[in-house]
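Subject: Handing over the structure, with notes

Dear colleague,

Here is the structure I promised to pass on to you, and below it you will find my notes on what turned up in it. Please read them with the model open beside you.

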Amino acid sequence: MSELKQMDHSSLQNLYNKAKQEFESIKKQNLALNMARGKPSAEQLKLSLKLLDSVNSENIGDHLSVLNYGLVDGIPEAKELFKEMLGVNTEEILIGGNASLNIMHDLISKALIKGVVDSEAPWGKEDKIKFICPVPGYDRHFTICEQYDIEMISVDMLEDGPDMDKVEELVRNDASIKGMWSVPKYSNPDGVTYSDDVVERLAKMETKAKDFKIFWDNAYVVHDLTDHSPRLKNILEACKKHGNPNRVFMFASTSKITFPGAGVAVVAASKENINFIKEQLSVQTIGPDKVNQLRHVRFFKNYDNILVHMKQHADIMKPKFDAVLNILHSKLDSYGVATWTEPDGGYFISLNTMDGCASEVIRLAKEAGVTLTGAGAAFPYGKDPRDRNIRIAPSFPTLEEVEQAMEVLCICIILVSTNKLL
């Protein structure tokens with residue numbers, strides 16, 4: 001078949017009529033499929049069920065201290081377990097509660113009230129605060145900025161990370177730019193891993209704000225789908241090398257390793273940053289859930305076992321990713337109406353329709369019983385300037401449901417694209 005843009009009016013009309021007929025037939029099936037968010041499936045959650053047995057009244061042993069007050073920065077055993085994941089030492093890591101997003105939100109809210117370690121004044125005392133937001137990106141990052149009236153500046157994601165020429169220009173000339181969001185490995189939703197050059201440039205770039213911070217959300221640090229996973233350069237080490245040790249906060253969690261509702265979150269940074277966070281945190285709490293930290297330590301024992309565990313996750317996830325990609329290729333390749341990423345890990349596939357089509361595709365999919373992430377969600381203020389990006393999240397549904405949902409999505413794309421050209 002030829003690309004849609006090369007078809008004559010009659011051929012386009014025939015294709016539209018066929019897609020419309022298929023769409024109406026699907027609607028009668030009363031489907032209820034959800035690919036809106038990157039949630040682990042029940043099969044993935046079952047991989048960690050024995051974690052729940054790792055600490056109980058019979059085997060608590062000499063660890064009664066985890067039941068008491070104290071250790072606001074986490075138990076030493078948890079630091080030993082997770083420091084290798086982020087490539088830091090025990091003085092550069094703090095183990096928190098179940099959600100890294102909570103730590104990110106907390107750091108920003110405190111920065112507005114008290115500033116950060118190298119601030120001359122609290123961020124909230126400034127006339128305007130801005131954050132750089134690589135796009136498409138993670139909607140929950142953007143929501144934090146919206147909540148606190150932090151202006152967001154979009155910078156395009158390229159094949160090796162954010163457009164660094166633009167980033168460097170912005171931070172060099174604007175002191176109100178205090179931070180930058182980053183999902184550096186298998187970015188949400190494009191699946192991009194930052195190149196060594198991008199990491200180096202982020203670490204050494206000149207910033208007009210002396211207290212500029214990179215929020216390095218390494219959510220998919222061990223979430224590989226293949227054996228040839230890309231290597232991500234250690235940004236904290238790079239920042240130290242270039243004389244900017246306090247520039248970065250690194251985050252990770254076990255939310256998509258064990259249980260999203262009962263995981264362990266981690267923040268890593270310079271020793272000075274960690275001490276600053278601990279000082280503030282000690283006013284807020286007398287300690288995190290250390291029992292849950294001990295559960296994870298006993299369940300995994302060491303970092304190598306985390307990697308073995310994640311291969312089991314990959315065995316569940318990869319067939320779903322393969323199904324998405326196979327159906328996209330088989331249904332859309334010849335029409336030239338969409339492009340998509342083919343990541344080696346993470347939780348998402350990013351699809352771009354023709355300009356001006358994503359909102360209508362998502363609306364029609366919903367009408368046919370398939371829920372997708374809202375159009376524009378991957379952009380600040382929920383507005384995709386080209387209305388083309390669709391985030392596909394294959395993890396939660398069964399393989400059969402993924403295949404059904406993708407068939408529906410492809411029909412909707414063909415339907416909206418042909419109608420636009422007609």
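I begin with strand β6, in which six of the six residues are buried, so β6 is largely enclosed by the rest of the structure. Here buried means under 20% relative accessible area, exposed means over 50%, and partly exposed lies in between, with a 1.4 Å probe and protein chains only. Helices (H or I, at least four residues) and strands (E, at least two) are DSSP runs, numbered from the N terminus.

Please keep in mind that this is a predicted model, in which local features need pLDDT of at least 70 and side-chain atom pairs count only at pLDDT 80 or more, while totals for chains, interfaces and linings use all residues. Residues are numbered from 1 along each chain as its sequence is written, and side-chain values use heavy atoms, with hydrogens and water left out.

Which strands pair with β6? Strand β3 pairs with β6 in the parallel sense over three bridges, and β6 is joined to β7 by four bridges, again running parallel; two strands pair if DSSP finds at least two bridges between them. Within these pairings, Lys-130 has Ile-177 of β6 as its bridge partner, and Gly-179 stands opposite Lys-213 in β7.

The aromatic residues come next. A search of the whole structure finds ten aromatic pairs, where rings of Phe, Tyr and Trp (its six-membered ring) pair if their centres lie within 6.5 Å, and planes under 30 degrees apart count as stacked, over 60 as edge-to-face and the rest as tilted. One of them is the edge-to-face pair of Trp-123 and Phe-131, at 6.1 Å centre to centre and with 65° between the planes. Phe-131 also forms a tilted pair with Phe-215, at 5.7 Å centre to centre and with 50° between the planes. Because Phe-131 lies in strand β3 and Phe-215 in strand β7, this pair ties together parts that are 84 residues apart in sequence. Trp-123 is buried, with a relative accessible area of 0%, and both Phe-131 and Phe-215 are buried too. Ring pairs link Trp-123, Phe-131, Trp-181, Phe-215, Phe-249 and Phe-251 into a cluster.

Helix α5 (residues 139–147) has Asp-139, His-141, Phe-142, Ile-144 and Cys-145 as its buried residues. What covers them includes α4 (100–114), β3 (130–135), β4 (151–158), β6 (177–182), β7 (213–217) and β13, with contact meaning heavy atoms within 4.5 Å. After α5 comes Asp-149, whose phi is positive, near 60°.

How do helix α6 (residues 164–173) and helix α7 (residues 196–204) pack? They meet at an angle of about 5°, with their axes 11 Å apart; axes are lines fitted to C-alpha atoms, for helices over the stretch in contact, and angles run from 0 to 180 degrees between N-to-C directions. That makes α6 roughly parallel to α7, given that angles under 35 degrees count as roughly parallel, over 145 as roughly antiparallel, 65 to 115 as roughly perpendicular and the rest as oblique. The contact is made by Met-164, Asp-165, Val-167 and Glu-168 of α6 together with Val-198, Arg-201 and Leu-202 of α7.

There is also an open sheet of three strands, in the order β10-β11-β13, whose pairing is antiparallel. Its edge strands, each pairing on one side only, are β10 (338–340) and β13 (389–392), and the twist averages 25° from one strand to the next. Helix α11 (residues 303–332) lies across β10, β11 and β13, running at about 155° to β10, whereas helix α12 (residues 358–367) lies across β11 and β13, at about 40° to β13.

Finally, some details of the backbone. A cis peptide bond joins Val-135 and Pro-136, with omega about -5°, and Pro-136 is found in the loop between β3 and α5. Another cis peptide bond joins Asn-188 and Pro-189, with omega about 5°. Tyr-186 has a positive phi of about 55° although it is not a glycine, and Tyr-186 is buried, with a relative accessible area of 2%. Asn-30 has a positive phi near 55°, but Asn-30 counts as exposed at 66% relative accessibility.

With best wishes
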